[in-house]
Amino acid sequence: MGTLYLVRHGQASFGADDYDQLSPRGMEQAECLGQYWQERGQPFDAVFTGTLRRHAQTLEGIARQLPGLPAAEALPALNEYDSHALIRCIHPEPLGKADTPERYRHHFRLLCDALAQWMSGVITPAGMPSWGDFSGGIRSTLERIRQQHAGGNVLVVSSGGPISAAVAQVLGTTPEASIALNMRIRNSAVTEFSISPKRMMLQTFNTLNHLDTPQTRDWATFA
């Protein structure tokens with residue numbers, strides 16, 4: 001039986017003009033994960049990422065500390081939804097930067113509401129696939145990994161939306177349940193599925209074992 005390791009990207013640049021860029025802390029998180037796996041002799045037989053910059057940068061940070069990784073295949077199906085397009089559907093007025101705790105909470109309350117409406121087909125954000133197509137891309141990717149790598153160790157670097165959708169699919173929960181999962185996934189966190197020829201099963205969710213040291217315990221971030 002193999003294992004699929006789903007890694008959320010390191011901390012990106014929330015509130016900046018370009019979110020799709022790791023912060024210095026995000027790169028440190030990624031490098032810590034690579035070092036953690038290097039110290040434990042963790043092998044990988046295949047690597048997949050989304051096509052976003054923060055995915056590639058996270059993999060680069062991991063690889064700096066974990067040399068010898070297989071060449072990664074970038075899959076658009078592993079990309080995050082467009083949170084700005086979602087929010088604009090229900091709140092057309094500019095939000096401004098989420099630079100206070102209340103504005104931060106307001107941003108994510110709107111996002112959760114918009115996600116629920118997208119999943120139920122109430123809204124169709126510009127430039128985005130339907131929820132059925134988005135989740136179908138995740139399902140197809142998991143099926144491909146199950147068929148091709150049932151006995152291996154597979155690394156996937158993606159985002160909170162695809163990872164939470166994958167967990168919801170494996171557990172057989174409602175799409176709406178993935179929203180709650182999505183909001184809890186931390187930067188650089190690892191979620192593990194065991195892979196058998198017939199199915200995938202959840203083993204761990206949202207772990208930060210690589211940051212469990214006195215020097216790095218306060219490095220946990222969510223955005």
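Strand β1 is joined to β4 by 6 bridges, and the two run parallel. Helices and strands here are DSSP runs numbered from the N terminus, a helix being H or I with at least four residues and a strand E with at least two. This is a predicted model: local features need pLDDT of at least 70, side-chain atom pairs count only at pLDDT 80 or more, and totals for chains, interfaces and linings use all residues. Residues are numbered from 1 along each chain as its sequence is written, and side-chain values use heavy atoms, with hydrogens and water left out.

**The sheet**

- An open sheet is formed by 6 strands, in the order β3-β2-β4-β1-β5-β6, with mixed pairing. Two strands pair if DSSP finds at least two bridges between them.
- β3 (72-74) and β6 (200-207) are the edge strands; each has a single partner, so one side of each lacks a neighbour in the sheet.
- From one strand to the next, the twist averages 20°. Angles run from 0 to 180 degrees between N-to-C directions, and axes are lines fitted to C-alpha atoms, for helices over the stretch in contact.
- Strands β2 (residues 46-49) and β4 (residues 153-158) run parallel, joined by 4 bridges. In this pair, V47 stands opposite L155 of β4.

**Strand β1**

- Which way does β1 run relative to β5, parallel or antiparallel? The two are antiparallel, with 6 bridges between them.
- T3 has S194 of β5 as its bridge partner. V7 has V157 of β4.
- β1 is mostly covered, with 7 of its 7 residues buried. Buried means under 20% relative accessible area, exposed means over 50%, and partly exposed lies in between (1.4 Å probe, protein chains only).
- In a regular strand, side chains alternate between the two faces of the sheet.
- In β1, G2, L4, L6 and R8 point one way, while T3, Y5 and V7 point the other way.

- Contact means heavy atoms within 4.5 Å.
- I163 belongs to helix α6. Is I163 buried or exposed? It is buried, with a relative accessible area of 2%.
- Beyond its neighbours within four places in sequence, I163 contacts L6, V7, R8, S158, I185 and T191.
- I163 and T191 are 28 residues apart along the chain, and their C-alpha atoms are separated by 8.1 Å.

**The pockets**

- The largest pocket holds about 1,100 Å³ of space. A pocket is an open set of points on a 1 Å grid over the protein atoms alone, where a 1.4 Å probe fits, with protein on both sides within 12 Å along at least five of seven lines; lining residues have an atom within 4 Å of a point.
- Its lining has 47 residues, and D82, S83, H84, H107 and L111 lie nearest its centre.
- α4 gives the most to this lining, with 6 residues.
- The second largest pocket holds about 150 Å³. Its lining includes R139, E143, R146, K198 and R199.
- α5 gives the most to the lining of the second largest pocket, with 4 residues.

Key:
Points joined across faces, edges and corners; volume = space filled by probe spheres on them.
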